[in-house]
Number of protein chains: 2
Amino acid sequence: MPELRKDPVVGRWVIIAAERAQRPSDFLRASSPRVESFCPFCPGNESATPREVLAHRQGGVGNGPGWTLRVVPNSYPALRIEGSLVREGEGLFDRMSGIGAHEVIIESPRHDRTLADFSDQELAELLGAWRERIVDLRRDSRFRTISIFKNHGEAAGATLSHPHSQLIALPIVPLRLREELEGCLRHYSDRERCIYCDIMRQERRDRVRVVYESEQALVLAPWASRSPFETWILPKTHASNFEDASPGDLLGTARALRAVLRKLDAALERPAFNFMLHTAPLQERGLPHYHWHIEILPSLTKAAGFEWGTGFHINPTPPEEAAEFLRRLDP
Amino acid sequence: MPELRKDPVVGRWVIIAAERAQRPSDFLRASSPRVESFCPFCPGNESATPREVLAHRQGGVGNGPGWTLRVVPNSYPALRIEGSLVREGEGLFDRMSGIGAHEVIIESPRHDRTLADFSDQELAELLGAWRERIVDLRRDSRFRTISIFKNHGEAAGATLSHPHSQLIALPIVPLRLREELEGCLRHYSDRERCIYCDIMRQERRDRVRVVYESEQALVLAPWASRSPFETWILPKTHASNFEDASPGDLLGTARALRAVLRKLDAALERPAFNFMLHTAPLQERGLPHYHWHIEILPSLTKAAGFEWGTGFHINPTPPEEAAEFLRRLDP
């Protein structure tokens with residue numbers, strides 16, 4: 001059974017997910033590149049995954065071909081949905097049973113498509129599926145937060161190339177989100193305004209870090225970008241929770257996502273990237289101080305390793321230059 | 001001129017280090033593996049680096065061969081030592097001129113040696129050199145913290161294979177260190193004890209996460225390990241600042257470092273790794289709540305990319321299993 005453990009100094013939770021005793025030799029084998037002769041996400045191979053929890057289909061029957069999008073539990077879940085949430089201490093240390101959901105959103109039946117090839121409507125359908133899953137999972141009172149993210153390309157940590165994103169429902173608030181919530185609350189307590197709304201106002205005036213703008217969404221190269229060509233997609237309408245966004249805002253976000261992914265592909269020769277949905281905890285809806293958004297980090301530098309070494313990020317590309325370059329591209 | 005920028009939400013400082021306008025095409029070229037036909041760190045090539053700021057030598061003259069250890073400014077510094085520290089705001093955003101020191105500690109004249117091959121005495125000499133540099137740099141009142149770290153192997157972000165560690169002196173306290181200091185202070189305020197001293201007491205009683213123990217030092221697989229085989233080296237004598245450790249503690253730490261590096265090499269077939277010295281800010285010496293230590297993270301998983309995607313760490317190897325395995329090895 002996996003478990004969640006909390007670092008007693010900084011309060012960071014980690015998932016310890018050993019399913020079986022692993023010897024270092026197992027570990028070394030597991031880390032070598034996987035040969036992809038069989039794809040469990042391709043149509044016709046539905047029996048290779050756990051049974052679907054959601055599917056959009058034009059025809060066909062459940063757990064068979066005919067779908068355009070399919071959500072299944074992860075075959076190698078980092079957390080388990082079954083069991084009760086046991087919290088316990090061990091002297092200075094805190095742990096919790098590894099209860100959670102770990103799902104895979106198979107974004108297309110076509111193995112070789114990438115999100116940048118999707119139409120606006122297809123991307124809106126994907127965002128809609130994320131929302132459907134959040135709305136379903138929030139009925140489970142054990143879950144406090146949901147992370148939705150995508151690792152695209154080997155350099156970004158993807159192990160299967162068929163287009164997919166992942167969802168993890170957690171019984172805790174991860175450190176990064178807690179830091180964001182605390183920072184937002186500090187700003188709101190001082191000024192009674194959402195800091196992301198304030199950032200958007202300032203950036204729309206300055207223009208130098210704006211990558212894309214529509215009626216619904218703003219795409220920025222953030223002021224303190226951690227890596228070259230980091231971009232944030234912010235909905236203009238204030239909402240703390242992604243699942244409460246209007247259909248119009250979802251479509252606007254889908255358009256912005258398509259625009260920025262195509263710009264990044266054109267600028268950086270189809271880079272590997274990570275993106276992550278940042279959204280408020282499930283039971284804290286309608287927060288005036290938090291603003292959901294999507295952060296995209298291309299995997300261009302050895303920044304991650306360096307960051308672990310140094311404890312901070314060194315970014316060789318000023319966001320103003322990245323924004324200017326991306327703004328001009330119209331692929 | 002590089003600059004430091006602060007994220008307005010979470011307060012993380014990053015270094016924006018562009019020395020010249022970079023186009024994405026420059027960037028792509030720069031990220032391809034470097035061909036190492038010439039090593040600027042090998043004896044005889046001293047003129048290929050900036051002039052040394054410290055050298056241990058048996059013979060020879062300054063900036064020539066004959067050294068056993070040599071410290072030089074980084075040829076591609078992330079920060080600049082010249083100039084005054086200008087702090088300014090830009091609406092919501094904060095920046096500071098990129099003042100700092102960025103040095104390279106060339107650990108051996110021999111190109112193909114690794115730290116695990118060093119003798120205890122040679123490692124103690126290396127730690128002594130770190131201390132000499134800290135004591136010299138802390139006279140500069142612009143600097144608040146010093147990070148010393150090593151990226152070993154390409155997977156850990158190293159770009160040159162000649163054995164070296166790096167030092168960065170910063171005019172700010174990085175977010176990770178600030179979080180540690182705050183967590184330690186919380187514990188101390190509650191109980192009037194150092195949390196790392198408390199962790200050592202508990203771990204010495206439980207034994208299950210102890211990797212190595214001597215009179216001076218304890219090596220642990222930490223409770224909430226972020227990655228497989230993460231290890232921490234803790235001096236048993238409480239001290240917040242590395243530069244204030246006694247010669248005996250330095251020698252004890254050197255022995256512990258050698259033991260754990262040899263164990264990791266034997267367990268994991270000479271893995272890439274990052275290590276980092278965690279030490280209190282320069283002007284805050286003798287803190288009762290903080291405890292200097294070294295954290296070692298082998299680069300085994302795509303954890304870094306995954307962590308960026310998810311915002312938290314998933315570790316497939318429980319620290320108890322890693323500790324048991326490492327404890328038994330005696331290479």
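Helices (H or I, at least four residues) and strands (E, at least two) are DSSP runs, numbered from the N terminus. This is a predicted model, in which local features need pLDDT of at least 70 and side-chain atom pairs count only at pLDDT 80 or more, while totals for chains, interfaces and linings use all residues. Residues are numbered from 1 along each chain as its sequence is written, chains are lettered from A and ligands numbered from 1 in the order in which they are written, and side-chain values use heavy atoms, with hydrogens and water left out.

Ser108(A) sits in the loop that runs between strand E7 (101–106) and helix H2 (120–137) of chain A. Its relative accessibility is 3%, so Ser108(A) counts as buried, a class that means under 20% relative accessible area, with exposed over 50% and partly exposed in between (1.4 Å probe, protein chains only). A polar atom of the Ser108(A) side chain lies 2.9 Å from the backbone nitrogen of Arg110(A). Leaving aside residues up to four places away in sequence, Ser108(A) touches Trp67(A), Thr68(A), Arg113(A), Phe118(A), His162(A) and Pro163(A), where contact means heavy atoms within 4.5 Å.

Chain B is superposed on chain A by a rotation of 180 degrees with 0.0 Å of shift along its axis, at an RMSD of 0.0 Å. That is the relation of a two-fold axis; the superposition is by least squares on the C-alpha atoms of residues with pLDDT of at least 70 in both copies. Because 100% of the interface residues of chain B are also interface residues in chain A, the copies meet through the same surface.

Side chains of opposite charge can pair when their charged atoms come close. Over all chains the structure holds 58 salt bridges, each being a side-chain nitrogen of Lys or Arg within 4 Å of a carboxyl oxygen of Asp or Glu. Three of them are listed below.

| Salt bridge | N to O distance |
|---|---|
| Arg95(A) and Glu3(A) | 2.8 Å |
| Glu90(A) and Arg95(A) | 2.3 Å |
| Arg139(B) and Asp136(B) | 2.3 Å |

In the pair of Arg95(A) and Glu3(A), Arg95(A) lies in strand E6 (residues 93–97) and Glu3(A) in strand E1 (residues 3–6) of chain A, so the pair ties together parts that are 92 residues apart in sequence. Arg95(A) is buried at 19% and Glu3(A) is buried at 17%, whereas Glu90(A) is partly exposed at 26%. In chain B, Arg139(B) is exposed at 66% and Asp136(B) partly exposed at 28%. A network of salt bridges links Glu3(A), Arg5(A), Glu88(A), Glu90(A), Arg95(A), Glu203(B), Asp206(B), Arg209(B) and Glu320(B).

Methods:
Polar contact = N/O pair within 3.5 Å; in protein donor to acceptor, adjacent residues only side chain to side chain.
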